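Please examine the sequence and the structure shown below. The paragraphs that follow lead through the packing of helices and then through individual residues.

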Amino acid sequence: MADLPALTDAFRATFGAAPWNEAWTDESARAALSDLLATPRSAALVAWDGAVCVGAVLGRDQVRDSFLSHEVQEMFVRPERQRGGVGRALLDAHLAAASARGVTNVSLLTARESPAEAFYSHLGFRRAGRMVLLVRP
């Protein structure tokens with residue numbers, strides 16, 4: 001992707017700020033985003049203000065037994081642009097495109113009881129009743 005440096009900068013600005021406070025380097029962020037974009041059935045939508053990437057949503061479609069689902073893998077908006085409608089517009093457009101591809105189910109992971117969970121809940125997402133995330137050190 002020709003705009004990978006701009007995407008990387010917005011990603012780092014978002015996840016380096018509160019509440020995430022993550023320590024992404026240019027190299028690690030670029031690698032993570034490149035991998036997501038190279039995933040089969042990936043989809044991405046980027047918001048621009050001139051030459052500045054202000055946010056993006058990246059995900060992938062998954063074939064299931066009787067339907068097509070979509071997993072939002074990353075979504076970010078620069079901290080100074082949050083709460084201004086960019087995230088909602090990005091997600092609405094991304095999900096409309098997924099629906100046009102035949103997607104009938106959408107999922108994502110986010111931090112429990114975070115501003116991100118409140119954002120997604122406001123847009124109609126809910127905690128999954130049957131699923132549990134298991135991790136191992």
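Angles between axes under 35 degrees count as roughly parallel, those over 145 as roughly antiparallel, those from 65 to 115 as roughly perpendicular, and the rest as oblique. The model is a predicted one, in which local features need pLDDT of at least 70 and side-chain atom pairs count only at pLDDT 80 or more, while totals for chains, interfaces and linings use all residues. Residues are numbered from 1 along each chain as its sequence is written, and side-chain values use heavy atoms, with hydrogens and water left out. Helices (H or I, at least four residues) and strands (E, at least two) are DSSP runs, numbered from the N terminus.

Two packed helices are described by the angle between their axes and the distance between the axes. Here the axes are lines fitted to C-alpha atoms, for helices over the stretch in contact, and angles run from 0 to 180 degrees between N-to-C directions. The axes of α1 and α2 come within 9 Å and cross at roughly 115°. The two helices α1 and α2 are therefore roughly perpendicular to each other. Their crossing is right-handed; a crossing is right-handed if the near helix is turned clockwise from the far one by less than a right angle, and left-handed if anticlockwise. On the α1 side, Leu4, Leu7, Thr8, Phe11 and Arg12 meet Asp26, Ala29, Arg30, Leu33, Ser34 and Leu37 of α2, where contact means heavy atoms within 4.5 Å. By class, this contact of α1 with α2 has six nonpolar, two polar and three charged residues. In this classification Ala, Val, Leu, Ile, Met, Phe, Trp, Tyr, Cys and Pro count as nonpolar, Asp, Glu, Lys and Arg as charged, and the others, Gly among them, as polar.

Gly87, Arg88 and Leu91 of α3 make the contact with Phe119, Tyr120 and His122 of α4. Three nonpolar, two polar and one charged residues take part in this contact of α3 with α4.

Phe15 is buried, with a relative accessible area of 8%; buried means under 20% relative accessible area, exposed over 50%, and partly exposed in between (1.4 Å probe, protein chains only). Phe15 and Pro79 are 64 residues apart in sequence, and their C-alpha atoms are 8.9 Å apart in space.

Helix α3 also contains His94, which counts as buried at 4% relative accessibility. Not counting residues up to four places away in sequence, His94 touches Ala43, Ala44, Leu45, Val57, Leu58, Gly59 and His70. His70 is also among the contacts of Asp61, together with Arg41, Leu68, Ser69, Arg101 and Val103, leaving aside neighbours of Asp61 within four places in sequence. Asp61 is found in strand β2 (residues 52-63) and counts as buried at 6% relative accessibility. The side chains of Asp61 and Arg101 are joined by a polar contact of 2.7 Å. A polar contact is a pair of N or O atoms within 3.5 Å; within protein, one must be able to donate a hydrogen and the other to accept it, and residues adjacent in sequence count only if both atoms are side-chain atoms.

In the loop between α1 (4-15) and α2 (26-38) is Pro19, and the peptide bond from Ala18 to Pro19 is cis, with omega near 5°. The loop between α2 and β1 (42-49) contains Arg41, whose phi is near 65°, a positive value in a residue other than glycine. Thr39 is also placed in the loop between α2 and β1. Thr39 is partly exposed, with a relative accessible area of 23%, and its side chain reaches the backbone oxygen of Asp35 at 2.9 Å. Arg83 occupies the loop between β3 (68-77) and α3 (86-100). Arg83 is exposed, with a relative accessible area of 89%, and has a positive phi of about 70° although it is not a glycine.
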